Amino acid sequence: MNQPAPPPSPPKLPVNLAANPKLSSWLKFSPQGQVTVSPGKVEIGQGIVTALAQIAADELDIDIGRVQMIRASTAVSPNEGVTSGSLSVQQSGRAMRHACAEVRQIFLQLASERLGVDIASLGVEDGTISGPGNVTTSYWELAEEVSLDRDATPDVKPKPATRRALAGNSVQRIDIPDKVFARARFIHDWTLPEMLHGRVLRPQNARANLAGLKDGNVRTIAGFVAVVRDGSFAGVVCETEHGAEAALQALRKGAVWADGAPLPDERDLAAFLKAEPSETTVVDKRIASSPGAKKRTLQRQYTRPYIAHASIAPSCAMAQWNSDRVHVWTHSQGVYLLRTDLALVLKLPAENIIVEHMEGAGCYGHNAADDVALDAVLLAKAAGGRPVRVQWSREGEMSDAPFGAAMTIEIEADLDAEGEITDWRHSIWSNGHVARPGRAAQPALLAGFELENPFPRMISTNPPQANGGGGDRNAVPLYDFPSWQIESHRLTTMPIRTSALRTLGAQGNVFAIESFLDEIAAERGEDPVAFRLRHLTDERAKDVIRAAAKRARWKPEKQPGIGYGIAFARYKNTGAYCAVVAEIEGADDIRVRKLTLVVDVGEAINPDGVINQIEGGAIQATSWVLKERVRFDRQRITSTNWTEYPILRFSEVPEVEVELIQRSEMDPVGAGEAAHGPVSAAIANAVFDALGVRVRHLPITRESIIAAMEQAP
Amino acid sequence: MPSVRFRLNGVETDVDADPDRPLLDILRGRFGMTGPHFGCGAGECGACNVMIDDRAVAACDTPLWSIADKDITTIEGLGTAERPHPLQRAFIAEQALQCGYCVSGILMSAAALLKRNPKPGSREVKEALDGNLCRCGSHNRMVRAVLRAAGETAAE
């Protein structure tokens, strides 16, 4: 019975709390019965602000209506880095939970002294603290006596999962009413007193230099304030937005562009990616204890194109100077990181810059949010202390913002006489997937590359595998193959600007792995569900696959023109588990009829929020797979509007069914990126099921299906 | 400058402005109505949709002159937190958005649909919203919300 317990390791603070230990930087109490909570993570439409409010309310035992969430700002918020990688619930949620648990304890301690009762006999209900004999006080009564200007300590234990009232419930998102009643919440809808409007002039041809600029009649435009030029960076400032647009048009007429840098051949991305100079790393290697007898080798190549973030809102920012200090309003995913880069460009101490978050449209990664912030800062220099609002155009958003990197992936599998996999080799050629601000000695902001004294154009890199990797994200198989070698070739040139797009390389790698597995299973005549289950040892992985198969009644009877495909991944190999069954129809134009997904994110704080993210991810991935590809000729990006860069429309959206496996005892992980890889592969596998064609080059369009038919195997 | 007269959310309105200027620019710049959102400036995404009489139209490529004597309804005129339109209630009930930037335009397309067809099926809802782009993938929730609102309206 009495097993000797393992020696307890000393308790540790959650990482983000250790980095920002002061409790008052996370939450404050008002005597009026409110708690203001200020996380360093930001709302990008993923519902994080609501999930964090749930966690805080739960741990403090207060009604969620008492929680006021503060937008992240370098002036007041803890530095939680960037809101990305499906890490916010994991990182910020744990820190918030711990901070609130400790604050609750501090209040209880004081209440115990005041009321003269034992702390263990006190309870909290909606902020009212009561004990035996009807003695009561409250957070609000004690608020002014408690100082939270002290550091968190590791010893406090948050509540066990079973005692949380809100976590695990689908609380309604707190930002949604503003959005349906059109109350200004987006940065785009905000107005500052005395605000001016700016527009920036950028070349059509990639990286062309501004050789000459005639003002022409710009200065005669009503409300004209200034033309700003610094090297190839140029823009206008006007009293009105309408005037700024007119001034930009006039300025464009007087601009002379020179040079420019050639772009690759969009018809042969694989050849381009493999020919460019690159840096090779062995991501992972597994050596077989007893190597199997190889009978033959299968080799397949997959590509995915450059993909645009294609936010519905063009990026927008506001900036205001006050002598050598500047205040910036931005929808960047990382206010502190942006501040670091602004300080580099402006050659100012970071303390002179306040960067404050305001919501924008969904960004799905590193889009132009940070770039436009620097644009606003530079134009505001000419505004005599008045704030300047800058908004990009649709064309700019689709051509000057970073793209998700194109990838070529080659997989070789050695098979033995029975067709079993004996060795697996996976190689990736791609630009790096991250060139976010604030992480290097040089800035990552577009205007920084355009100034008279320019900073070098940043070449994207990849996060280390320990942080989930970049181009190599999800490249290490989750399956129990006897041996493997995974290699990543990161390009050291970058003719097309890339940075973080939702899932980084995971979408491409999972598409390739899960397509190839499907092909090997089919060659063996083995059911792809059984084949996967046979190669997995992780029960949570098997559970999502089995549940998806069951829910989709795998495998439905064959009907002409309809196909079914399955795929699975665990995001980053350490995050959410997701299995998908796709049902498609069509012969040349593919239509996805239905996606059935089963997901395990550990503890789902807000189950409907998780489902919303999974549904959204599944639909966005369908759009990527069926439609999306950044287009370019040898001079410029040509897919600069919604006609040239179509995305999935209402009439094309599949039915999406999501089942959650709730594991409230397991740490929560993010849901925003779990679906993209598996959905991409499941659709491709369903296309094979329907048409007998393996499409290995995304997107799956009429053209790529025809090309695949011509190039079979 | 010539003047253009129209009704804006039920109020008789006069605007002195270049008649070729886009309606969106007038609504946001002149009247501070930030519900209609700029998305593309070319009528391709629907983020700026408003109702002109009973039709949903992109305000970004509607010139001011073309709305003379017409009834313009923006999201601001659809309903308020105190007196919500059934569509607004339904979008909250269904949690039918993620970032929500496209929602004001989508609500106007849906409101126009319900005016001409109070009991649409899901195919008709999808058709009515086909000119609106959503990048977050909230489409199915939005369709459910419109159907829910239609059900409520019919029940009233």
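Q: Into which domains is chain B divided, and where do their bounds come from?
A: Chain B is divided into domain 1 (3–77) and domain 2 (86–155), with bounds that come from an automatic or database domain assignment. This is a predicted model, in which local features need pLDDT of at least 70 and side-chain atom pairs count only at pLDDT 80 or more, while totals for chains, interfaces and linings use all residues. Residues are numbered from 1 along each chain as its sequence is written, and chains are lettered from A and ligands numbered from 1 in the order in which they are written.

Q: What makes two residues count as being in contact, and how many residues does each domain of chain B give to the contact?
A: Two residues are in contact if their C-beta atoms, placed from the backbone, lie within 7 Å. The C-alpha centres of the two domains of chain B lie 21 Å apart. The contact takes 14 residues from domain 1 of chain B and 15 residues from domain 2 of chain B.

Q: Which elements give two or more residues to the side of domain 1 of chain B that touches domain 2 of chain B?
A: They are strand E3 (49–52) and strand E4 (55–58) of chain B; helices (H or I, at least four residues) and strands (E, at least two) are DSSP runs, numbered from the N terminus. E3(B) gives the most to this side, with 3 residues.

Q: Why is helix H2 (residues 86–93) of chain B called largely enclosed by the rest of the structure?
A: A residue is buried if 20 or more other C-beta atoms lie within 10 Å of its own, exposed if 12 or fewer, and partly exposed in between. In H2(B), 6 of the 8 residues are buried, and it is therefore largely enclosed. The buried residues are B:Pro86, B:Leu87, B:Gln88, B:Ala90, B:Phe91 and B:Ile92. Just after H2(B), B:Gln95 takes a positive phi of about 45 degrees.

Q: Why does A:Arg207 count as partly exposed?
A: A:Arg207 has 18 C-beta neighbours inside 10 Å, so it counts as partly exposed. Its place is in the loop between strand E7 (196–201) and strand E8 (208–213) of chain A. A:Arg207 touches A:Gly260 and A:Ala261, not counting residues up to four places away in sequence.

Q: What span should helix H13 (residues 539–551) of chain A have, and what is the distance between its end C-alpha atoms?
A: The expected span of a helix is 1.5 Å times one less than its number of residues. For the 13 residues of H13(A) this should be 18 Å, and the end C-alpha atoms are 18 Å apart, which agrees.

Q: Which residues of H13(A) are buried?
A: A:Ala541, A:Val544, A:Ile545, A:Ala548 and A:Ala549 are buried. They cover an arc of only 130 degrees around the axis, which puts them on the same side of H13(A); the arc is that of the directions from the helix axis to the C-beta atoms. What covers these buried residues includes helix H12 (528–534) and strand E21 (562–570) of chain A.

Q: How many residues of chain A are in contact with chain B?
A: 43 residues of chain A are in contact with 41 residues of chain B. H14(A) gives the most to the side of chain A that touches chain B, with 8 residues.
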